[in-house]
Amino acid sequence: MAIDGYITWEILATYAGASTMTSLIVQFLKNVVDKYIKIPTQLLSYIVAVFILTLALTFTTGFSWNAFSLILFNAIIVSTASNGIYDGIKRTIIKKEK
């Protein structure tokens with residue numbers, strides 16, 4: 001398998017791909033960002049989602065302001081799903097530890 005076979009821009013342009021990657025990046029960055037700026041995790045998640053969706057748009061169909069305006073709304077959905085993914089995993093781990 002080629003190294004570009006794991007994640008593609010087309011995958012990141014989907015709801016599932018963007019949500020999953022947003023969740024992973026936020027968990028990776030959360031502690032680092034908190035050392036410099038106190039920012040709510042939900043806001044960080046939204047910023048990351050906007051960034052991922054903008055890059056996915058740019059590298060798949062090309063950037064347009066019309067599409068970017070929708071990204072601002074779609075990022076809310078992706079961010080909320082991303083936060084839910086993390087919360088679900090956290091609840092599962094807590095149940096297994098009990």
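Predicted model: local features only at pLDDT ≥ 70, side-chain atom pairs only at ≥ 80, totals over all residues.
Colleague: How many helices and strands does the secondary structure of the chain come to?

Modeller: Read from the N terminus, the elements follow the order α-α-α-α. The tally for the chain is therefore four helices and zero strands.

Colleague: What are the spans of the C-alpha trace along its principal axes, and what percentage of the residues is buried?

Modeller: Along the principal axes, the C-alpha trace of the chain spans about 50 × 35 × 25 Å. The accessible surface comes to about 6,900 Å², and carbon and sulfur atoms hold 69% of that area. Of the 98 residues in the chain, the buried ones make up 28%.

Colleague: Among contacts between residues at least 6 apart in sequence, what percentage joins residues at least 24 apart?

Modeller: The set considered here is the contacts in the chain whose partners are at least 6 apart in sequence. Within that set, the share joining residues at least 24 apart is 60%.

Colleague: Which element gives the largest share of the largest nonpolar core?

Modeller: The largest nonpolar core has 16 residues, and those with the most contacts inside it are I52, L53 and I71. Two or more residues come from each of α2 (15–36), α3 (41–60) and α4 (65–97). The largest share, eight residues, is given by α3.

Colleague: With which residues is L53 in contact, leaving aside neighbours within four places in sequence?

Modeller: L53 is one of the residues with the most contacts inside the largest nonpolar core. Once neighbours within four places in sequence are left aside, the contacts of L53 are L12, A18, I71, N74, A75 and V78.

Colleague: Does K30 count as buried or exposed?

Modeller: K30 is placed in helix α2. Its relative accessibility is 18%, and the cut-off for a buried residue is under 20%. K30 therefore counts as buried.

Colleague: Which side chain makes a polar contact with the side chain of K30?

Modeller: Apart from neighbours within four places in sequence, K30 is in contact with T41, L44 and Y86. The C-alpha atoms of K30 and P40, 10 residues apart along the chain, are separated by 9.3 Å. The polar contact made by the K30 side chain, at 3.2 Å, is with the side chain of Q27.

Colleague: How far apart do the centres of the positive and negative side chains lie?

Modeller: The chain carries 8 positive and 5 negative side chains.

Conventions. Residues numbered from 1 in each chain as written. Heavy atoms only, no water. Core = buried A, V, L, I, M, F, W, Y, C linked by side-chain atoms within 4.5 Å. Buried < 20%, exposed > 50% of the residue type's maximum accessible area, 1.4 Å probe, protein only. Contact = heavy atoms within 4.5 Å. Areas by Shrake-Rupley, 256 points an atom, 1.4 Å probe, with all protein chains shown as cover. Lys, Arg positive; Asp, Glu negative; His and termini not counted. Charge placed at Lys NZ, Arg CZ, Asp CG, Glu CD. Polar contact = N/O pair within 3.5 Å; in protein donor to acceptor, adjacent residues only side chain to side chain.
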